[in-house]
Amino acid sequence: MRYRDLSLWFDQLSEPLTPRPALDGEVQVDVAIVGAGLTGLWTAYYLQAADPDLRIALLDKEIAGFGASGRNGGWCSALFPVSAATLAREHGHDAAVAQYAAMRETLSEVVRVAQTESIDADIAVGGTVVLARSQPQLRRAEAETAEAVEYDLNTRLLEAVDARARLNATGVIGATFTPDCAAVQPAKLVRGLAEVVERRGAAIYEQSAVTQLAPHLVQTAHGTVRADYVVRATEGYTARLPGARRAIAPVYSLITATEPLGTAVWDEIGLRERETFSDHRHLIIYGQRTADGRLVFGGRGAPYHYASRIRPGYDRVARVFDALRTALVDLLPALRDARITHRWGGPLGIARDWAASVGLDPGTGLAWAGGYVGDGVGTSNLAGRTLADLILDRETDLVDLPWVGHRSRQWEPEPLRWLGINGGLHAMTVADVEEARTRRQSLIARMAMPLLRRN
Ligand SMILES: Cc1cc2nc3c(=O)[nH]c(=O)nc-3n(C[C@H](O)[C@H](O)[C@H](O)COP(=O)(O)OP(=O)(O)OC[C@H]3O[C@@H](n4cnc5c(N)ncnc54)[C@H](O)[C@@H]3O)c2cc1C
């Protein structure tokens, strides 16, 4: 596998991407972490910060950052997959406010660590602008702003003129804006973090696919790790592990990147503070202006694959890339002639109730974190800090947050899972078409939403 082809972000790395040695034989550590993405690496980072003598081993079936962590859209946001209103309903108003406050602190924490550890991940804290380009979208923007007031969030409504000043797209009639997001180069972040934890003494075994994960035991084809604690940090790949088939569904998100654009094009488009951007349509799209002046633009819409299969070929779907290009030019006609230089994708992880969670079973020493949907860049840092506190048995505010210890129910067996997820994705596409035609809130979306997610 040519790891450089995984994403624009990997292609931009100057390191040779030679895999670290695989696990060979038996080792004994305090904490074994399966998956060397952001979740696994942040967990190792905070464990080391708390106790530099801890023996930590990370294992990855490919290389550090191979999964979603090295391929995502680069929004390090304060978004959380469960809405504040849902958290409040289930855990009370104060718990919802605390979860979202922790997410905002997380953004500052990622920026702080990158600076302290000299990880140059092209970070720009420019916030996020989410456009409203139709009346139904504006209604959703207004509802989101009202929720923000109730739960102490920073999201505010922008008039059309202020929205356009940030992102000069077609058909803009308003927007929501939050300052709580940074554009990052995710592969630089995750690979930089791997170097830091390795330098501090953690062992990272690459090309070491874990075949069994059990209390105090992790097994690969050529070795065994015995540990007091075993952390599962495999997100979209979790369903491939024995015993976890229905825990997290891998749903694909696909992305494209343009060539570096000229100053005249950027003067026309905006995004002067490198704001990340989206709009209030149902089928999610997302973008960022990169440090080298490209526009990275992605979205959902790729199919879920039967039995949670994951294959390299699923990262690239011509039909989805064409739809992304159409959506991009519709939004920003100035990009009509821009060359697309990179196309890629990968699986993110969704729990049955769309709830991200983090936890530790003290009886077995098994810990987990994930189910971040499309919000894992920031949330994985909160997960890492929380897992460190749980493993070290520290009574902090983090271990009291409502997502800690949450257990999502299992996904349905196939073929129901396949039908449900793909039916939902299709409903979102149709809902956007329906709204464009009728200019009213989509009936289909209103009917499908409760089936798809709980927030
Ligand atoms: C295309 C795309 C765009 C996204 N955009 C954003 C965004 O802009 N902002 C945001 O917040 N989130 C985004 N996300 C989600 C975010 O990237 C993820 O939530 C986050 O990176 C998850 O990190 P992780 O470490 O938990 O999982 P991953 O980064 O997926 O890491 C899991 C690791 O486990 C390894 N592994 C799997 N199976 C095994 C095994 N059997 N043995 C050993 N190792 C194994 C894999 O090789 C992988 O390296 C996006 C995701 C995708 C796919």
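Arg226 is partly exposed, with a relative accessible area of 35%; on this scale, buried means under 20% relative accessible area, exposed over 50%, and partly exposed in between (1.4 Å probe, protein chains only). The model is predicted, so local features need pLDDT of at least 70 and side-chain atom pairs count only at pLDDT 80 or more, whereas totals for chains, interfaces and linings use all residues. Residues are numbered from 1 along each chain as its sequence is written, and side-chain values use heavy atoms, with hydrogens and water left out.

**Salt bridges**

Side chains of opposite charge can pair when their charged atoms come close. The structure holds 22 salt bridges, each defined as a side-chain nitrogen of Lys or Arg within 4 Å of a carboxyl oxygen of Asp or Glu. Three of these pairs are listed below.

| Pair | N to O distance | Sequence separation |
|---|---|---|
| Glu26 and Arg226 | 2.8 Å | 200 residues |
| Arg20 and Glu198 | 3.0 Å | 178 residues |
| Arg20 and Glu206 | 2.8 Å | 186 residues |

Arg226 belongs to strand 11 (residues 223-232) and its partner Glu26 to strand 1, so that distant parts of the chain are linked; helices (H or I, at least four residues) and strands (E, at least two) are DSSP runs, numbered from the N terminus. Glu26 counts as exposed at 53% relative accessibility.

Arg20 takes part in a salt bridge with Glu198 and in another with Glu206. Arg20 lies in the loop between helix 1 (8-11) and strand 1 (25-34), and Glu198 lies in helix 7 (residues 186-199). Arg20 is buried at 14% relative accessibility, and Glu206 is buried at 0%, while Glu198 is partly exposed at 33%. A network of salt bridges links Glu15, Arg20, Arg191, Glu198 and Glu206.

**Helix 9**

Helix 9 (residues 318-331) has 14 residues and reaches 20 Å from its first C-alpha to its last, close to the 20 Å expected; the expected span is 1.5 Å times one less than the number of residues. Its buried residues are Val320, Phe321, Leu324, Ala327, Leu328 and Leu331. They cover an arc of only 125 degrees around the axis and therefore sit on the same side of helix 9, the arc being that of the directions from the helix axis to the C-beta atoms. The face turned away from this buried side carries the exposed residues Ala318, Arg319, Asp322 and Thr326. Among the elements that cover the buried residues of helix 9 are strand 12 (249-258) and strand 16 (340-350), with contact meaning heavy atoms within 4.5 Å.

**Backbone geometry**

Most residues other than glycine have a negative phi, and most peptide bonds are trans. Ser118, although not a glycine, has a positive phi of about 55 degrees. Ser118 is found in the loop between helix 4 (93-116) and strand 4 (128-132) and is exposed at 64% relative accessibility. Asp393 also has a positive phi of about 55 degrees without being a glycine. Asp393 lies in the loop between helix 10 and helix 11 and is exposed, with a relative accessible area of 67%. A cis peptide bond, with omega of about 5 degrees, joins Glu414 and Pro415. Pro415 lies in the loop between helix 10 (376-391) and helix 11.
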